[in-house]
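Here is a short briefing on selected features of one structure. Keep the sequence and the 3D view open while you read.

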Amino acid sequence: MFTTFSGSTRRPRQVNLSGRGSSSFGNVGSGSGSQAALDRAQQERQQRQRERDRLRAARLLQRAWRGHSTRQDIRRDLRQQWDAIEDSVSHPQAYASATEALEQLQRLLNFAQTRNEEDTQRIKHFGARQMQTVQVQGIDCSSEPWPLAYLRLEKKILVVLDRRCKEHNTPWESYTGLVKLLQFLAERIPAETAQNAKHFYSTLAAIAQLFTMSYVASDRNSELVPGDDFNDSKSFALVIETALTPLKTFAAYTINAYEAFGASFLTIPIVTRIDDTNLPNQILPWLADHVNYKLLASALSTMINTAGFGAYPELTEPLGRGRLLACFIYFHRQAHNFNNPQAYSSHKDFVSVVSALLNSLLPTENVERQTPDPDQPEDIDTPGPHRTGNTFLREQIQSLVNQESVGSLLSSSSSEPASSHDEKVEEARQLANYALSLLRFFPHRGDDIRMWLYLGPSPSNSEGSSQALPAIRYFWEATKRSNIFNSIIRDSRAAIELLKSKPSATEHGWHAPNSDVTPLSPTSDEWRVILVFLELYTFVLKVMDDEEFFSGNNTGYTSRAASSLMTRDNALPLTDVKDLTTFLKNLGFTLYFNAVDIVDSEDQDLTRSASFHFSNSSAQVSELLQQTMKAVEPSVGGVTGLTIDYMKGLVTGLLRMVYERDSRRNFLPSNHWLMTSRLDMTGFIPTVVEEEESRHRIEEEDIEDTFQDDDEEESEDTNHIIGTNRAQQARRLDRLQRQQRKASRRRYLQAVAPRLEILQNMPFLIPFTTRVQIFREFVSLNMTKRRGSSDPEMWRILMMNRPDAPQQFEKHHAKIQRGNEFEDALDQFYDLGEGLKEPIQITFVDQFDTPEAGIDGGGVTKEFLTSVTQKAFNPSDGVDLFIDNDQHLLYPNPSAVEEERESLREKGLEDNAVAFRMALVKLLQRYEFMGRIIGKCLYEGILVDVNFAPFFLRKWALTGGSGSAPNESGYRATLNDLRDLDEELYDGLHQLKNYDGDVEDFSLNFTVTDTIRRADDRGGTKTVTRELKPDGSNIPVTNRNRLVYISYVARHRLQNEPAMQTNAFLRGLSTMINPAWLSMFNHSELQTLVGGTSSSIDVDDLRRNTIYGGVYQRGDDSRDHPTIDLFWRVMEQFNDGERRAVLKFVTSTPRSPLLGFGTLRPPFSIRDAGGDEERLPSASTCVNLLKLPIYKDENVLKEKLLYSVFSGAGFDLS
């Protein structure tokens, strides 16, 4: 084909100047053209550049080699000159002149190389001659150029020693000459040596560490003091003397020497080691005699406050910091002959150093056991197993906790009245940091530390002291001045940023709390001041009664004699208490409601990081496991080690204590406690119900993981040999994954259930009626889950469709004999356990076992429950399970268990006999069943006329809940609670606390006497003396420890003595009602839940919610019967007492329901009882039914009604 119109078949030539192939099948960029020319030019430029680089490198190498060669030649010449001069003497002797010595030194410095062993020998040779020269000629080395030359020589010696320390096989003789020369140089140039102190002391520490290994390995036991003939001991003594040399002369940089000495030298193990060699007993006294402890304290304080510790790798390990702390404390104690700790304990530098080092040890080191059981007396004199390095460390750290030093902590706080505001603020921060460190480091001694701070210095030590404020007022004033307090009291949302977790460690592993380089330091320091105040105030409120609490303000509440001056000084004015509660409720609300915003979202995700396959090597699994086990240290508010749970518990516990006092004596505005402005109350109740469902799901998942953990623990205990190491690590890692999932679920719960957290921990922030509605919603939700419906009849219908319906109905049915209600209910319903939540069917029988007429549609169940409670809580012929106080309020008999034991012993049973134990079990089962009965009444919404003591009700709300910190927010025995238990004991302890004389005049000790009633024919009582703390019979009660004695007595009477009975009752109660639901109410609100409100009877509300039957039933005109009109007219005329009597006559309780009569179940009802006006009104309390004859006269109705109400008429089933 012709491709053109020319008629030629030849393809025309393609001309392409772009360098690109014209064919789609050709190589891209092939051919010649402008692009190819550009590429070639670029390659040529690169080739020329490489050539220039090669030439430049060659010239550089040649220049370096020429320089090296020249220097080597110069060194060789200098070395030859130096050797020629030195070889002219047969043995080391003094130089002829200072000029000759200086010239030889300069030659030596110019040619000596630290890697050359011959040069090292020349340095030692020169040192020997120079020391003789100085001794003979007395050369003055203070003028140039000697100091600089000596410093250069010193640095070379340190490098040589460093290299030899790393070799580990160098004989001690090779160190001696160099160390002697090092000591000689340090004596000549102390200021220059101090400037080089870090290198100086790190080298000496390395030498001392090598000696430790050599000495212990050789099992020698010689004295390590100067003058010893043993070569190794003399060498080590020389090291110690050399280390002390820069510290002997005070120069411009001596403080640097003390800093390096403490950070590098005092952290080596040999200084604080106690074993068969008994080294510290020889080394430490010697060091302490030559070290100025004040300069050491100043140097370390400066280092900590300026973050200079980063230059010392020895301080990255907790054990190293522990050794430094132990030596630091020892030097102070030895300087004061191990007496009079108050002489130094309040010094600013001592407080700063000790608190910083103690805080740095908290994550991994603890000289106390974990937090003890708050319900048991603490053994404060016997330390537990420790993880700090050795006995010496523990002894020194434990010496910090004594009455003299802690009590005198604030003794110098006001000694300078002219101090500026900033100085006072900084002083308060330092003291708070120290006090908080002691409280966290010694949890067993917490009450002692708080008490000593509260009491202040002892009278013998307070003479001449100018302290103006006690500890509580001192830290309260500092708290009020803080920016944190003022920010949060104005706006609760400001707490979010102030509480957010901050980095708790630097690249060096820790940071001092007061480091100037840390921008968060002011915030964290202010938090420490606030935390110490909260700790102290919580302790004081436990032993401060209401009169003393109000003594800080002239309110007229104080009815007793004026309390002690100390108590008045520690009581805050009510205006301050109001500010404090505002701060606490704003802070507490934010802690719970915004917990997710506060806690770091950067927590380790172990589930993700721990994903691996069995194809991984064992080393990889081990490394992964180690990484997984590394815990991220919490630091809420920038305070290292501070957890959000600790903060929640502390704030919640204190806020509850103040709220309880306000509940007893209202001194704050009625709406002061509410935080509804931060919540959307329109949809609050449905939202809380959804949060409760989420909590249930999370708890079920936690239970599954807990079961798996238990199974694995049993498997590891029984089959620890089975499986390879890698498989065991895999199992451990899997368990850690589950723990992480549980932690994640808890964080998720904080995110999805903040309102529920507030309700359970600070319920008073929400209106009471709202909480009651939520409680009934929770119960209804639980009923629906268990029964399928809250209607009992629906449950019965559903059960009828089950194959085991007869057995189920049989379990939930009981025959109850009149007069024996509690015993019959216990026998037939105890085994039901949680099944008692389901509807029960009751048949009452007489003494002949004849059933009473009637059908249980719910009313008989109510009558059964009210009858059981009346029988259970009334006194009996045997052991009284419950007894009442002077106000006729019930609480578990504290001596019930002991009375039962005494009764069994009188019958001849041994304590270890099966019958003996079974009898005690049955007694506790009675308490447990009583708890279930009260729980059943709460569950069904049935009010019973039972009144409990406030301290017992308080245990319902504060025991067994899901609070973040149960030890802080749980029940704590207080002196005010003791008043509800025993007024006489309260009066005696109150007088003891405020006694002006010497308490030892009463000859009291740390024991208490329990009185047990005998159950035998002899009757009477038996007394048993118990110790409140170990060896309490030998510990007298003094003016200094009487507060602890009072708190121990209160704890014994309120917690320890009735513990078994109370726990059994609460166990039964929690079977029916979730303890978290009860935690939404305080003690008075719980009493209202049980027995109804004590407010006046609202007749109009009762009439609106009354149902009529029989003749009284309303017709189409919706008008009431004339007798009904007469009845309500009479009710309006009655006083409140008469109205309550009518209500009790009909419903068995004199109180109205919490949310009005519309919630009364069964509803209040009235029906006719015939037309005989001579007949008295009667009632069926089981169905809340009043049977009212048709009266036509108002006076007759009133007379007959009052006669029936006050005649004590019984139950009438019709």
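A salt bridge is a side-chain nitrogen of Lys or Arg within 4 Å of a carboxyl oxygen of Asp or Glu. R926 and E823 form such a pair, with their closest N and O atoms 2.6 Å apart. R926 sits in helix α39 and E823 in helix α36, so this bridge ties together parts that are 103 residues apart in sequence. The model is predicted. A search of the whole structure finds 46 salt bridges.

**Salt bridges**

- Side chains of opposite charge can pair when their charged atoms come close.
- Salt bridges with shared partners join E898, R901, D1010, R1026, R1053 and E1057 into one network.
- R755 bridges to E691, with the closest N and O atoms 3.0 Å apart. This pair links distant parts of the chain: R755 is in helix α32 (residues 754-761) and E691 in helix α30 (residues 684-718), 64 residues apart.
- R755 is partly exposed, with a relative accessible area of 23%. E691 is buried, at 2% relative accessibility.
- R56 and D53 meet through their side chains in a salt bridge (2.9 Å, N to O). Both lie in helix α1 (residues 34-86), 3 residues apart, or about one turn of the helix.
- R56 is partly exposed at 46%, and D53 is partly exposed at 35%.

**Annotated positions**

- The unreviewed UniProt entry annotates C1182 as "active site". C1182 lies in the loop between β9 (1178-1180) and β10 (1185-1188).
- Is C1182 buried or exposed? Its relative accessible area is 2%, so C1182 counts as buried.
- The UniProt record (unreviewed entry) places a "coiled-coil region" at residues 95-122. Over residues 95-122 the model has 71% helix and 0% strand, and the end C-alpha atoms are 15 Å apart.

**Surface patches**

- D884, D886, D982 and E984 gather in a patch of negative charge on the surface.
- D982, one of this group, is in the loop between α42 (975-981) and α43 (983-993). D982 is partly exposed, at 33% relative accessibility.
- V914, M918 and V921 form a nonpolar surface patch, with about 260 Å² of accessible area together.
- M918 belongs to helix α39 (residues 914-940). M918 is partly exposed, with a relative accessible area of 42%.

**Buried sites**

- Helix α18 (residues 446-455) is mostly covered, with 10 of its 10 residues buried. Among them are D447, D448, R450 and W452.
- I840 is in the loop between α36 (821-829) and β2 (841-845). I840 is buried, at 3% relative accessibility.
- I840 and H813 are 27 residues apart in sequence and 5.8 Å apart in space, C-alpha to C-alpha.

**Backbone angles**

- Most residues other than glycine have a negative phi.
- H888 is not a glycine, yet has a positive phi of about 60°. H888 is in the loop between β3 (882-884) and β4 (890-892), and is exposed with a relative accessible area of 59%.
- D1031 also has a positive phi of about 60° without being a glycine. D1031 is in the loop between β6 (1021-1027) and α44 (1042-1056), and is partly exposed at 42% relative accessibility.

How values were computed: Residues are numbered from 1 along each chain as its sequence is written. This is a predicted model: local features need pLDDT of at least 70, side-chain atom pairs count only at pLDDT 80 or more; totals for chains, interfaces and linings use all residues. Side-chain values use heavy atoms; hydrogens and water are left out. Patches are made of residues with over 30% relative accessible area and no salt bridge: like charges are joined within 9 Å, nonpolar side chains (Val, Leu, Ile, Met, Phe, Trp, Tyr) within 5 Å. Accessible areas come from the Shrake-Rupley method with a 1.4 Å probe; for residues, only the protein chains shown count as cover. Lys and Arg count as positive and Asp and Glu as negative; His and the chain ends are not counted. The place of a charge is taken as NZ of Lys, CZ of Arg, CG of Asp or CD of Glu. Helices (H or I, at least four residues) and strands (E, at least two) are DSSP runs, numbered from the N terminus. Buried means under 20% relative accessible area, exposed over 50%, partly exposed in between (1.4 Å probe, protein chains only). UniProt positions are given in the numbering used here, feature names are shortened, and annotations may be inferred rather than shown by experiment.
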